[in-house]
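Let's take a walk through this fold, one side-chain interaction at a time. Keep the viewer open as you read.

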Amino acid sequence: MSKEIWGVLVSIDSTFVYNRVLLKLSGEHLAGDQGYGIDAEVLKGLADEIKEIKEIGIELAVTVGGGNIFRGLKGSTDGMERAQADYIGMLATVMNCLALQDALEKVGVDTRVMSAIEMKEVCETYIRRRAIRHLEKGRVTIFAAGTGNPFFTTDTTAALRACEIDAEVVLKATKVDGVYDSDPVKNTQARKFDRISYMEVLTQGLEFMDSTAISLCMENSLPLVVFNLGVRGNMQKVLSGEPVGTTVY
C-alpha cells in the first residue's frame, strides 16, 4: 500500500530508517517571509506535513527556537544582562510551541507541550519518562523553554532532549539544502557536503549549529541530518533514507 505525501510516493507499510526522531525548528522558519512573528500559512503547512509523518507511524518530538520573537544573544549585545535576555528568549520559544500545538490540534494531531520552566497553567513540565510515554502513545511532543538554563541555545536543547528520549536522529530544518564549507548565499562557489563527520565540523569551524550541540551529538553517536524544510516532502525523504541534505555522523 502506498500514499502520495506532498508529491512523494511513500509506502505506508515500508520500514523507515528512523522510527523516533527529534525535529529542530528555528523560530525564523515560523516567521516566513515577514521576518518576525508567526506566519499562519507557514504554521499550517508545517502542521499538515507533520500530520502526514504521524500517519506513517513515526514517533516525533520537536524543539522550536524563539528568534522570530526574541533572541537572547541579541538582547545581551544590546546591553541587557545575558541571563535575563536568555530567559526572555526561552519564553519566546514557549509562545512558538503553543502556536505549533494549536496548529497541530486543528488538523487532528494529538500533541503535548513540555516546558523546562514550570508553567503548569499552559503546558506540562518536562519530565523525561513522561515525554517518552507521550511518544510511545503517538503524541507529538514539543519541548519548550530550551534547557531551562541561560547560556544554552535551542540547538543544544535539541541535542540534549534527543539523547534523553533515545531518538535515533536529529533533523535540523534550515532554509538551505545542507551544510556548506561557506555561506552559499554569500558565496556562489560554496561546496555542499553530502556527509561530514562531527570532528570535521568542529575543526573546520562550520557554524550551522553551535559547538556544544555538535559535541553532545558526537559523544553520544547521535546522527544529524541538515535539510531544507522549505521543500515539501524533504522530511519524508530523510525518514525513508533518501540522500537529502547533509548527514553529520
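This is a predicted model: local features need pLDDT of at least 70, side-chain atom pairs count only at pLDDT 80 or more; totals for chains, interfaces and linings use all residues.

Start with the rings. The structure holds 1 aromatic pair. It is made by tyrosine 126 and phenylalanine 143, whose ring centres are 5.4 Å apart with planes at 90 degrees, so the pair is edge-to-face. Planes over 60 degrees apart get that label. Tyrosine 126 sits in the loop between β6 (124–125) and α5 (128–136), while phenylalanine 143 belongs to strand β7 (residues 140–144), so the pair ties together parts that are 17 residues apart in sequence. Tyrosine 126 and phenylalanine 143 are both buried.

Now bring in a charge. Arginine 161 lies over the face of tyrosine 126, at 3.8 Å from the ring centre. Arginine 161 also lies over the face of phenylalanine 143, at 6.0 Å from that ring's centre.

Phenylalanine 143 turns up again among the contacts of threonine 63, which include Leu22, Leu23, Thr154 and Ala158 as well. Threonine 63 is part of strand β4, and its relative accessibility is 1%, so it counts as buried.

Next, the salt bridges. How many does a search of the whole structure find? There are 12 salt bridges. In one of them, the side chains of arginine 20 and glutamate 59 meet at 2.6 Å, N to O. This pair links distant parts of the chain, with arginine 20 in strand β3 (residues 20–25) and glutamate 59 in strand β4, 39 residues apart. Arginine 20 counts as buried because its relative accessibility is 11%, and the limit for buried is under 20%.

Another salt bridge joins the side chains of aspartate 110 and arginine 139 (3.3 Å, N to O). Aspartate 110 is in the loop between α4 (82–106) and β5 (111–115) and arginine 139 in the loop between α5 and β7, so parts 29 residues apart in sequence are tied together. Aspartate 110 is partly exposed at 38% relative accessibility, whereas arginine 139 is buried at 14%.

Aspartate 194 and lysine 192 form a salt bridge too, with the closest N and O atoms 3.2 Å apart. Aspartate 194 is exposed at 56%, and lysine 192 is partly exposed at 26%. Shared partners also join salt bridges into one network of Asp110, Arg112, Glu124 and Arg139.

Finally, the surface. Ile38, Ile69 and Met95 form a nonpolar patch there, with about 230 Å² of accessible area together. Isoleucine 69 lies in the loop between β4 (59–64) and α3 (72–77) and is partly exposed, at 36% relative accessible area.

Technical notes:
Residues are numbered from 1 along each chain as its sequence is written. Side-chain values use heavy atoms; hydrogens and water are left out. Patches are made of residues with over 30% relative accessible area and no salt bridge: like charges are joined within 9 Å, nonpolar side chains (Val, Leu, Ile, Met, Phe, Trp, Tyr) within 5 Å. Accessible areas come from the Shrake-Rupley method with a 1.4 Å probe; for residues, only the protein chains shown count as cover. A salt bridge is a side-chain nitrogen of Lys or Arg within 4 Å of a carboxyl oxygen of Asp or Glu. Helices (H or I, at least four residues) and strands (E, at least two) are DSSP runs, numbered from the N terminus. Buried means under 20% relative accessible area, exposed over 50%, partly exposed in between (1.4 Å probe, protein chains only). Rings of Phe, Tyr and Trp (its six-membered ring) pair if their centres lie within 6.5 Å; planes under 30 degrees apart count as stacked, over 60 as edge-to-face and the rest as tilted. A charge sits over a ring if NZ of Lys or CZ of Arg is within 6 Å of the ring centre and within 35 degrees of the ring normal. Contact means heavy atoms within 4.5 Å. Lists of a residue's contacts leave out its neighbours within four places in sequence.
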